[in-house]
Amino acid sequence: MHYDLIIKNGNCVLPWGQYETGIGVIKGRIQSLSVQSSDDAEKIIDAKGLYVLPGLMDCHVHFREPGNAMIETIETGTRAAAMGGLTTVFDMPNTNPPTAEKEMIIWKQERARETSWVNFGFYVGATRENTQNLSKLETMRGVCGIKVYAGSSTGSLMVEDDQSLENIMRYGHRRVCYHAEDEYRLQTRKKLFCEGMPYENHRLWRDEECAFLGTRRIIKLARKTGRPAHILHTTTQEELEWLVDYKDIATVEVLGNHLTQIAPECYERLGGLAVMNPPIRDKRHYDACWRGIENGVVDIVSSDHAPHDPEAKAKPWLCCPSGMLGVQTLVPLMLNHVNEGRLSLGRLVDLMASNPARIYGMPTKGRIQVGYDADFTLVDMKTNRRITNDWIVSPAGWTPYDQMEVTGWPVATIVKGKIVMQDNEICGKPDGDLVDFLP
């Protein structure tokens, strides 16, 4: 049989186990998991010694477009994603102007079709003004869900009071994603600190109770309205242990940063580069995040890629912006964690492919299965590499993991049967597409 693409001899991570087999692709879909030696194709990849994973996803990125092209764009952000082994990304709405109305959604759809290297989805930001339109906005093409900033935002994207949050939950039916820090506590505690204090004070200002209180309020309203909630960048032991009893209504994201960085060491070493929201916390919470990975409370691992000018990040605390780069380094970091025994390769696929497909409603993604999209991440689990700033594609040009050695590296990114990255080189031209979600 003739295929467009054959991937042969790879150790394929299938839903029912790991097998060395051949995958045949026609017109961007998986057509066979048992390619024969007599079959041929326009393109053949010999994956001997490699693992073939379903296309890994990053469900939480900030590509800053429209905004500041000197920091990031959809083109540079998705190119970085492809370099890092990711086939699908979901972009956040806190752009300038924000992605919160039909006109901006249409603009973003067109921009993504023109410039994205990988599958592209994006959030619509909930505001008090657009609440009654959310049920229509959430079903527009490419929209992965509604994002609510219950804390740590500005302008119309900040929705901090219970009545407005409840109103948002009553319009539409898809899962709503939350930045769940409690804004009232954040503003009260901010008075205890001042500009120029050590960067470690970031985690003391945005303490555990800010996060736990915000999450409790959100889940109470989710239970009241029956609207499923997705708690983004969960960071605390208190939240993760409490959420065990709410898995019928809540799904949980943890970031690669909170699985890799530990306070206070990261603030001492990185200064303002370590500042993000919610903050990097101490080892008690780091250990709790890993327990959440081990016991299944955590559903998704993402990067929260949030680039900023390095000069701005070097400013004193309370003046430096919050956010770290991460879309390009997430897969190498997580493969290194696999090699260090913190999780299995199958669990990584669960967290970054099959669970995102299930939670966000992507019926033909997240698994290597006949009839599914031909999205693949090929990885070499034995390769040792050093992450460096000069490898980073983003115009911001830095990573908090500069000079970190990792074992395990993405060697090819394949999006709907097209090779986008191979052997650390970008291939072809931007040809990504919008993700189709269940209505």
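I began with β2 and strand β3 (residues 29–32), which run antiparallel and are joined by 3 bridges. For the record, strands here are DSSP runs of E with at least two residues, helices are runs of H or I with at least four, and both are numbered from the N terminus. Two strands count as paired if DSSP finds at least two bridges between them.

Before going on, I noted that this is a predicted model, where local features need pLDDT of at least 70, side-chain atom pairs count only at pLDDT 80 or more, and totals for chains, interfaces and linings use all residues. Residues are numbered from 1 along each chain as its sequence is written, and side-chain values use heavy atoms, with hydrogens and water left out.

Back to β3: I looked up the partner of valine 25 and found isoleucine 30. β2 and β3 make a hairpin with 2 residues between them. In that turn, lysine 27 has a positive phi of about 50 degrees.

Next I went to the other neighbour of β2. Strand β1 (residues 2–14) runs antiparallel to strand β2 (residues 17–26), and 8 bridges join them. Valine 13 sits opposite glutamine 18 in β2. This pair is a hairpin too, with 2 residues between β1 and β2.

Then I turned to the open sheet. Its 8 strands pair in parallel, in the order β6-β7-β8-β9-β10-β11-β12-β13. Which strands stand at the edges? They are β6 (56–61) and β13 (300–302), each with a single partner strand, so one side of each has no neighbour in the sheet. The twist averages 30 degrees from one strand to the next.

Strand β9 (residues 143–149) and strand β10 (residues 176–179) pair in the parallel sense over 4 bridges. Tyrosine 149 stands opposite histidine 179 in β10.

Helix α5 (residues 183–190) packs on helix α7 (residues 208–225) at an angle of about 160 degrees, with the axes 8 Å apart. Axes are lines fitted to C-alpha atoms, for helices over the stretch in contact, and angles run from 0 to 180 degrees between N-to-C directions. α5 and α7 are therefore roughly antiparallel, a label for angles over 145 degrees. The contact (heavy atoms within 4.5 Å) is made by Tyr184, Arg185, Leu186 and Arg189 of α5 with Glu209, Cys210 and Arg217 of α7.

Key:
Angles under 35 degrees count as roughly parallel, over 145 as roughly antiparallel, 65 to 115 as roughly perpendicular and the rest as oblique.
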